[in-house]
Amino acid sequence: MDALSLSQVEGTAERKNLVPGSLSVIPLLQAVQERFGYISERQLEEVAEYTGVPVSTVYGVVTFYSQFRLRPPGRHLIRVCQGTACHVLGAGEVLATLQEELGICEGETTGDGLFTLESVRCLGCCSLAPAIMIDEATHGRVTREALPEILAPYRVGGGT
Amino acid sequence: MTGRREIRVGLATCGIAAGAEPVLELLRAEVDTRGLNVVVKPVGCLGMCYNEPLVEVIERDGASTLYRRLDEAAVVRIVEEHLVGGAPVDELAVGDDPFFRDQVRIVLENCGVIDPESLEEYRACGGYDALQRALTEMSPEGVVEEITLSGLRGRGGGGFPTGKKWSLAAAESAPIKYMICNADEGDPGAFMDRSVLEGDPHRVLEGMAIAAYAIGASRGYVYVRAEYPLAIRRLDKAIAAARQAGLLGEKLFDTPFSFDVAIKEGAGAFVCGEETALIASIEGRRGAPRRRPPYPSESGLMGRPTVINNVETLANVPWILRHGADRFAGYGTEGSKGTKVFALAGKIERSGLIEIPMGMPIGDIVYKIGGGVRGGKRLKAVQMGGPSGGCIPASLADVPVDYESLKATGAIVGSGGMIVLDEDTCMVDVARFFLDFTQKESCGKCTFCRIGTKRMLEMLDRFRRGEGELEDIDRLIELGEMVKAHSLCGLGQTAPNPVLTTTRYFREEYEAHIRDGECQARVCRDLITFRINAETCRDCKLCVPQCPVGAIAQGAGAYQMIDEETCVRCGRCRDVCPFSAIDVVTGKVRA
């Protein structure tokens, strides 16, 4: 993906009503990531320039919060809940099976760029433990056996 | 709400995950094609998560039938037999379920009843009446007084008296003040704030507006986790609708009071639930807490007086103004008034979202409401308060749930996560799970929190491998006490709690790990061995293809054998064995 020009970050800021200043750093980073899937080095510098916050500080913010990504993710993001209820009901096994199934480790993206696998703290669906989230869809009471079936639609049509 | 026939479909995140969306669509289509005079609407979480997807049919006279775990065939039957035929389908209904019997719903009164995206429905239930009353009939001092009298305390975990917090900010004379709603529900195992935002978002906005009036703020922020997209969407709609109706914005109810709200999405940092870290995050910085005083009520967001209240705390506020402080204070105990919402999960028969009067014994929650431990297993402990809380052993099941009683056990009420643990749960593993969480989420500012938790984690890892010496347990406790004493914020001050409570109540389990290499719950993989019992094995070979590492091979006779060196202890062979011929052994017998 090509780097953006400052005008594009500015355009994003305008659409979101974000004025220059430190208050806009996180919303702007979020908007950039929402649109491009990650934050490139160039965009990081542009956010710093637009907000007037030193680029070192912006980098500090990006690496502090777990939401931000400095590398492009796969087409579909799989998040495996590692909350308490999920932990005691087998989330570790779900994660292990997904790693096996996709041939990647947690935090990695498949070679074809289709899936990125991440584990998250808690999806807040504890009654449906163990739970996973693929893009914005939550799947509950996940079993090892059900995983291939859950992944299938994302594999075929490339998902939604 | 009365006089019309309606169908409510629970459409919170958990309902959707359980398949409620196709149920809603099918119901709408069926009602449409048959031309039935019935309103089909989405509602928030009913709390009965173990029965999702849930559908409730309300007759014109108010009679209700609650249907559970529905699929398409069941929906069609309900349409044909109940909606058209007029006879409720008893076998699909929940029936007389004790789940709701001992609950008192204040915060959750509208969840699962109204369409969360309809301002009209919220208003029909008395919504925004409390704000109107506050603005037109009460002084800001009067509002603070009422909340103080109610005895409401912070529901996010701190338990600080809400009225006191408001009066401190109200006493500050500053041209600008801020009202912040903390919806950064980060505790694993807690989802009540998500459910309230998804099921009754206007209630939180109304609570914020009332608080803002009481302290003299004109600007508010809701700081909400980015992991809750549906809650953000519904809150966003609610803010827009409230603005449109003149319930947010300039000169509300024709008074001089103006108040508006913006959403700030969190970016994934547990520590931002701490108020000074949350403020830093809104200001666009790394979410590191700072030393207090000055407290936010004096110098908060952008150096202005700021009040930060949790979602559930604010959701109580309109109810208190509508029904009076006395009625609220009528529920609960001497020091803990009102109700508390808990997310009941883990190894429990009926998991879900419950609201109970403060003071109910833990055992009543687990057995009367939750239906006891799943699969008839033995209750071992209840984990309360997430990573800041502790594990309360089954022997203390009669301890009442209130701020002081729980604190005495070493746990806390916390935000309300309640995870039931059974005999198959290893307490060393649970302690490690929470410490791993807080260790990774430590912002790194305080040395004890940054390094102390790391050293504690390493000790727990050694125990899980059966290493270390018995004296290490006391070293672990000592270090834990130091982390608590020398950390600036709530994260470090509470991070050792899961370790301190498990070493206090389950010390023998730690000792067994270290001394005998024994994990009684058979969870710690370095301390267990899978063996096939040659007597009971029928040589069906079902387990062989299940093994991911090919560790199962033909034994000397008509039975299979597991190569202990290759085995990764995943347990798949045991799960699939129809003859229970696979034993998991631990401790000295392994040798």
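**Reading domains, an interface and a helix pair**

Colleague: The centres of domain 1 of chain A and domain 2 of chain A lie 30 Å apart, taken over C-alpha atoms. Which residues does the domain assignment give to each domain of chain A?

Modeller: Keep in mind that this is a predicted model. The assignment gives 6-64 to domain 1 of chain A and 76-156 to domain 2.

Colleague: Now the interface. How many residues of chain A are in contact with chain B?

Modeller: Interface size is often given as the accessible area lost when the parts come together. Here, take the contact counts: 35 residues of chain A touch 43 residues of chain B.

Colleague: Which elements of chain A give two or more residues to that side?

Modeller: They are α2 (25-36), α4 (55-64), α5 (84-88), α6 (91-102) and β4 (137-139) of chain A. Of these, α5(A) gives the most, with four residues. By class, the side of chain A that touches chain B has 17 nonpolar, 14 polar and four charged residues.

Colleague: Turn to chain B. At what angle do α8 and α12 of chain B pack?

Modeller: Helix α8 (residues 192-199) and helix α12 (residues 311-323) of chain B pack at about 45°, with axes 9 Å apart. Angles of 65 to 115 degrees count as roughly perpendicular and those under 35 as roughly parallel. The angle therefore makes α8(B) oblique to α12(B).

Colleague: Which residues make the contact?

Modeller: From α8(B), B:M192, B:D193, B:V196 and B:L197. From α12(B), B:V311, B:E312 and B:A315. The contact has five nonpolar residues, two charged and no polar.

Terms used
Residues numbered from 1 in each chain as written. Chains lettered and ligands numbered in written order. Predicted model: local features only at pLDDT ≥ 70, side-chain atom pairs only at ≥ 80, totals over all residues. Axes fitted to C-alpha atoms, helices over the stretch in contact; angles between N-to-C directions. Parallel < 35°, antiparallel > 145°, perpendicular 65-115°, else oblique. Contact = placed C-beta atoms within 7 Å. Nonpolar A, V, L, I, M, F, W, Y, C, P; charged D, E, K, R; others polar. Domains from an automatic or database assignment.
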